[in-house]
Amino acid sequence: MAVAVRRSLKFLLRPTSKQAAALAACLEDHRTLYNAALEHRRTAYAKAAVSVRYGEQSAELKHIRADDAGGQGRWSFSSQQATLRRLDKAFRAFFDRVKAGRTPGFPRFKGRGWFDSVEWPKDGDGCRWDSQPEHPTATYVRLQGIGHVRVHQHRPVKGRVKTISVKREGSRWYVVLSCDDVPVEPLSATGAVAGIDLGVAWLVTTSDGEHVANPRHLAVTAERLATAQRDLARKKRGSDRRRKAVARVAALHAKVRRQRLDHAHKAALALVHAYDVIVHEELRIASMTRSASGTIEAPGRNVSAKAGLNRSILDAGWGVFLTVLAHKAESAGRELIAVNPANTSRTCARCGHGAKENRLTQAEFACTACGHAAHADVNAAVNILRAGLALRQAAEAA
Ligand SMILES: [Zn+2]
């Protein structure tokens, strides 16, 4: 069975200084366009209770471009439409929430630094992936108004490039490709199945008793981030030093994201290579709080602001990890099952006795009924695996 999926890929751009300036101008003009279109909608709504639609704003673009040939007129018509569609989406979400009886905030103007990406919705339309295929070593992407920008392409692009986006993160620029029809390459069966427990001390613990650590360097970056945030809080608003401190915090956030993603890729790849079926807990706020309180109770640790930040960084890692795992499992033809996490940490994996007294500490499990002793995360992972296999059996029987 030939299966194809959609994937997105992100590569670092290596623009010349002239191109970097053009990228910044492109982003800024798209931000201005977004804000102007938002202003238009707000005014029409406030003065005449009229809803302006995407179609009208898109039709207006022609005139805006003609009146400002050296400014807005430089960029791709389609990318500007994509920005207007983005605003339209924000309004739809707003009205959906109103309809649902909530009182959402009106879509907001995007300040400098709060608008960080531009999308070209179709390869070949104002943009071209691999625009210099004859170049022997480098890959380029052509962007209208910016030129052929060199790409640090660290992995192959498979499938058909559909959309191309440019994203600014701190002082770096990235290109994000969304590819259709990416062929799935199933791995051969291993005959092995596993449950995985997501935790704080260890990112992943498998029912086979293997641990995958949270990366050490992530904790180092988290600490530097905490220091940078404290530093930022002391700076005067509007000062040059504050601007620099903001840039530093943003750069460290970006670094955390990169490190986390990189680690998630490695950990997920190892799992899909080893197992045909992987069962994990459904990620819910409740399960996060459970393990958070576990850490707080753990002996020898005082929960300071720094620990709090560390925690939130590790927690966010679970979502990233599961997203990456889902993609890899799909590509490799592996089965991924999510189960309800209730009671997986307090139930004995050997006899089924469930009691919170079974959990001695964050790391130790000892059953008060049968005496079964195990690493608490491994015990939980075994329960998770069992719940997943039961779910699977029930689905097959139905
Ligand atoms: Zn037991």
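This is a dialogue about how to read a predicted model of one protein chain.

Colleague: Before going into detail, how many helices and strands does the protein chain have?

Modeller: The model is a predicted one, and in it the protein chain has 8 helices and 14 strands. Its C-alpha trace spans about 80 × 55 × 45 Å along the principal axes, and buried residues make up 29% of the 398 residues. Of the contacts with a separation of 6 or more, 66% are accounted for by residues 24 or more positions apart.

Colleague: How should I read the packing of two helices, and what is the angle between α2 and α3?

Modeller: Two packed helices are described by the angle between their axes and by the distance between those axes. Here helix α2, residues 54-67, packs with helix α3, residues 77-99, at an angle of about 145°, and their axes are 10 Å apart. On the α2 side the contact is made by Y54, Q57, S58, L61 and R65, while α3 contributes F77, Q80, Q81, L84, R85 and D88. Sorted by class, this contact has 4 nonpolar, 4 polar and 3 charged residues. The crossing of α2 and α3 is right-handed.

Colleague: Which strands do the buried residues of α8 pack against?

Modeller: Helix α8 covers residues 376-397, and its 22 residues reach 32 Å from first C-alpha to last, close to the 32 Å expected at 1.5 Å a residue. Its buried residues include A376, V378, V382, I384 and L385, and the buried residues of α8 pack against β8, β9, β11, β12, β13 and β14.

Colleague: Where does UniProt place the feature "domain: Cas12f1-like TNB"?

Modeller: The unreviewed UniProt entry places that feature at residues 318-384. Over this stretch the chain is 36% helix and 16% strand, and the end C-alpha atoms are 16 Å apart. The entry also places "domain: Transposase putative helix-turn-helix" at residues 5-47, where the chain is 72% helix and 23% strand, with the end C-alpha atoms 46 Å apart.

Notes. Residues are numbered from 1 along each chain as its sequence is written. This is a predicted model: local features need pLDDT of at least 70, side-chain atom pairs count only at pLDDT 80 or more; totals for chains, interfaces and linings use all residues. Helices (H or I, at least four residues) and strands (E, at least two) are DSSP runs, numbered from the N terminus. The expected span of a helix is 1.5 Å times one less than its number of residues. A residue is buried if 20 or more other C-beta atoms lie within 10 Å of its own, exposed if 12 or fewer, and partly exposed in between; C-beta atoms are placed from the backbone. Two residues are in contact if their C-beta atoms, placed from the backbone, lie within 7 Å. Axes are lines fitted to C-alpha atoms, for helices over the stretch in contact, and angles run from 0 to 180 degrees between N-to-C directions. A crossing is left-handed if the near helix is turned anticlockwise from the far one by less than a right angle, and right-handed if clockwise. Ala, Val, Leu, Ile, Met, Phe, Trp, Tyr, Cys and Pro count as nonpolar, Asp, Glu, Lys and Arg as charged, and the others, Gly among them, as polar. UniProt positions are given in the numbering used here, feature names are shortened, and annotations may be inferred rather than shown by experiment.
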